[in-house]
Every structure is written in structure tokens, then in C-alpha cells.
Amino acid sequence: MQDQRLKDFLKEFIISDSQLHEVYKRFTTEIQNGLSLATRKQADIKCYMTYIQDLPTGDEKGNYLALDLGGTNFRVLHVSLKGHHEAEIESKVFVVDKELMTGHGTQLFDHIANCLAEFVKEYSLNNQHLPLGFTFSFPCVQLGLTKALLVRWTKGFNCAGSVQEDVGRLLKEAIARRGDLEINVMAILNDTTGTLMSCAHRNPECRIGVIVGTGCNACYVERVENAELLESEYKVDKTHIIVNTEWGAFGESGKLEFVRTDYDRTIDKASLNVGSQLLEKMISGMYLGELVRLVLADAITQNLIFSRTSDKQCLINTLRENVCCFEARFISEIENDNFPDFQQTRTILKELFAMEKASVEDCQKLRYICECISRRAANLVAVGISSLINRIAEPHVVVGVDGSVYRLHPHFDAYMRETMRKLVNPKITFDLMLSEDGSGRGAALVAAVASKN
């Protein structure tokens, strides 16, 4: 596909090497600001302490429960750790509908407790008094392993009566209201922390956990002397602590404006949390499809794609009127398609527009639009990971990664590595490792490590 007009139109999504280095510099400064007492208040990236100071050894044994809430699906898991880096997992998925996502917090936590009770009964775990780890993938200020104050809802959730409340207490109260569950809540954690723990269980060189899914965030292992927010009693016997960066908030003070587009601003204005999570809105699965929808509508309007289609206005109206009609999974399917058949692309076009015949050229153009948007997202993730790798400064660093965008997109990993090779200190080698159920297994491992102490 050699259409210079389309390339010019999409130029603002191409981040140059000099822009990449500038984003890297600003991001690195924000991490330092988030860790320092004097600058933390103004920092976009807050760098929350997790109070998790031990990584798993791989020898952990025992039975644990795990809860995983981070999107529209909620999971309950029974994790049996066998030692020798092995684990057996039984799990069940429960749906969190729109009403629960935007209702009162009490209803949401009652639903969680009800699902937990149903699971315990179904798997005959009633009388075991199992320790539980709760993966709660929203920004929280941790005040201890089981105490976490919710800072804000993200990812389409907006439950009243829970911001600034202790998530651990809300869960324990919901369990107590039922009166029929004997559960010991051992830890509240973020999905990035779960990913790091799960990968470290299999590879002791893992130091970073990243999620690129409905949301986007990372955690990493920091030296306690650099964590000014950590109380002194946590620095006596331990040398490190896992820090939850909440890097999705980067850009909230304007530091990303030089690479943001009007499409990014439109998406932000239409979101539930205007002005917040600006980096996340350029990366995560919740917004990538929307970016393509808006860009595609303008590209058709400017005759850059589907110009020979008889009912062009119908395509434009469909895109403009149907928010979220272009799903993030379409991007992965289109970029994974085969030239010149474009079978998956044609299926998507039929589903979206009832389009029977799309030219090979238009399919190539659509793929290029998707590629520009997904490559930019991968570049921004790579900037954050590179900064953390260089900060850790160990000879070899393994990065555990999970999330639907990373897992399902055919080239996201390659896009990230290409950019990381430009930014990571050449003296450091690195590897990216796909997490095996970080939110579930990771929550159980945190509960297991906490039970040891």
C-alpha cells in the first residue's frame, strides 16, 4: 500500500525517535518524582507501595483462594501450590454487568461475596478456612497488605460510596454480611503485582510486571532506600519492595501533549474520568478500538479509504453514531490477516457495514490505520518498561507481561522489543515473558508469601 495521502493523514500517530527519547526522559523524571516525598504530590505517576517485600521461591505449598476483579469479568479461583514451581488451578468466571459497574459499591462487594460463596460450595471448600488474595485492579493507596484505599475507579467502573474507602474492609464486611463463609483475607493486590509474582514463581529474574489489557499499568521491584514513602519499620529486615507505579496517569499534568492527537482528546472528553489516565487512553484495549473508529470515520470522509464505495455516507454514519462499534479485537484480527485474501478483515467489514466486497487496497489501508495506532501504543509501553529496566540496573531483567492486547495482538511484542532496544542500556539484557494467569495465581502466591511471614 503506497498511499502518501493516507500516510500524511496518519503522521501524527508516528512517534519519532527524538519524541520517544523525550517521552522516556519525562517518564523517568515522573517515576523519581512519585518516589520522593518532596515531589510526590505533583507527580502524575504516584508509585504506590504494595507492602509486598518477598518474591516467591517456587517452593510454596498449600491451598489458597483468589479473587480477580479488573474488568467486566470477575473470577474466583482455588489455587493449589505444589512446590517445584508448580500450581493447579480451578476457576470460575462471573459476569459484572453494567448496573453493578456503575451502581453502589455495597452492591458490587455483595456480588463478589455471593460469587465467592457459590464457588466455595461448588468446589466443596466450605470447611477449609483458606487464606485469600484479592486482585483488585484499580488505583489504590496501600496502607498495609490487607488495607488499600481506592483512589479512583477506572475502566468503565464508577461505583458510589467506595472511593477513599478501604477495599479490604469492604470485602470483609460483604463476607460477614453473608455469615456463612470462613475466609481469611491475606492480601489486596493489583493485577500487575500478580503478574510479577506469577512470573517470578517460574523465573527468579523477573523484576517487572506489566498489564496491557482493558487498562495499562506496571509494577517493579525497588530498593527500600529509594522508597521515601515507605515507613522505616519496613526497611529494617528487607532490602526491596514492589512498587505499583499506576503509570496510566502519566500525562495528566500535560507532559504528553506533544504526542497526543485531537482523537486522544475526543476520547478523553467522552470518558467517565475526563483528564485522568491519559497514557492509558493511548494504549489500552478499552480505547484502541475507539481510536480506530474515529480515525476511520475521518479517513472515509476525506476519501482516503473506501472512496469507490457507493454508499460512503452510510459507512461514516455507522462509525459516528455507534460508539465502541469498532472493537479492540478487530485490530488484532485485521493485523493478523493474510494478504491478499484478507478473510478476517472482510468478515469484520461485513459485520460492521454489511459490506460485501472490499478491495484488496482498502483492506491494506485499514490494516495500516490499525498498525499506526497499535504500534504507537506498543511504543509507549516500551518507553515505560525501558525506564524501569534501566532504573533496576541489574545485568539481566525479565519482564512479566499479561493482558488481552499483549496476549492477542500478533505484533505487539515485536513492536515493544524494537523500541526497547533503542532505549534500554546496552549493558543490560532483557526478556519479555507472557504471564500465566497473573491475577489468579499471583494473588494466591501473595497470600502464600504473606502466610509465611
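Colleague: What do the numbering and the values rest on?

Modeller: Residues are numbered from 1 along each chain as its sequence is written, and side-chain values use heavy atoms, with hydrogens and water left out. The model is predicted: local features need pLDDT of at least 70 and side-chain atom pairs pLDDT 80 or more, while totals for chains, interfaces and linings use all residues.

Colleague: What makes a space a cavity, and how many of 30 Å³ or more are there?

Modeller: On a 1 Å grid over the protein atoms alone, a cavity is a set of points where a 1.4 Å probe fits but cannot get out, whereas a pocket is an open set with protein on both sides within 12 Å along at least five of seven lines. Grid points are joined across faces, edges and corners, and a volume is the space filled by probe spheres set on the points. By this rule the count is one cavity of 30 Å³ or more, and the largest cavity holds about 60 Å³.

Colleague: Which residues line the largest cavity, and of what classes are they?

Modeller: Lining residues have an atom within 4 Å of a point; among them are Phe-136, Phe-138, Cys-140 and Asn-244. Ala, Val, Leu, Ile, Met, Phe, Trp, Tyr, Cys and Pro count as nonpolar, Asp, Glu, Lys and Arg as charged, and the others, Gly among them, as polar.

Colleague: What lines the second largest pocket?

Modeller: This pocket, of about 180 Å³, is lined by 15 residues, with Ile-14, Ile-15, Arg-375, Asn-379 and Glu-418 nearest its centre. Its lining divides into seven nonpolar, two polar and six charged residues. Helix 12 gives the largest share, six residues; helices (H or I, at least four residues) and strands (E, at least two) are DSSP runs, numbered from the N terminus.

Colleague: Why is strand 3 called mostly covered?

Modeller: Buried means under 20% relative accessible area, exposed over 50%, and partly exposed in between (1.4 Å probe, protein chains only). Nine of the eleven residues of strand 3 (residues 73-83) are buried, so the strand is mostly covered.

Colleague: How do you know that strand 3 pairs with strand 2 and strand 4?

Modeller: Two strands pair if DSSP finds at least two bridges between them. Strand 2 and strand 3 have nine bridges, in the antiparallel sense, and ten join strand 3 to strand 4, also antiparallel. Both pairs therefore meet the rule. Ala-66 stands opposite Leu-77, and Phe-74 opposite Phe-94.
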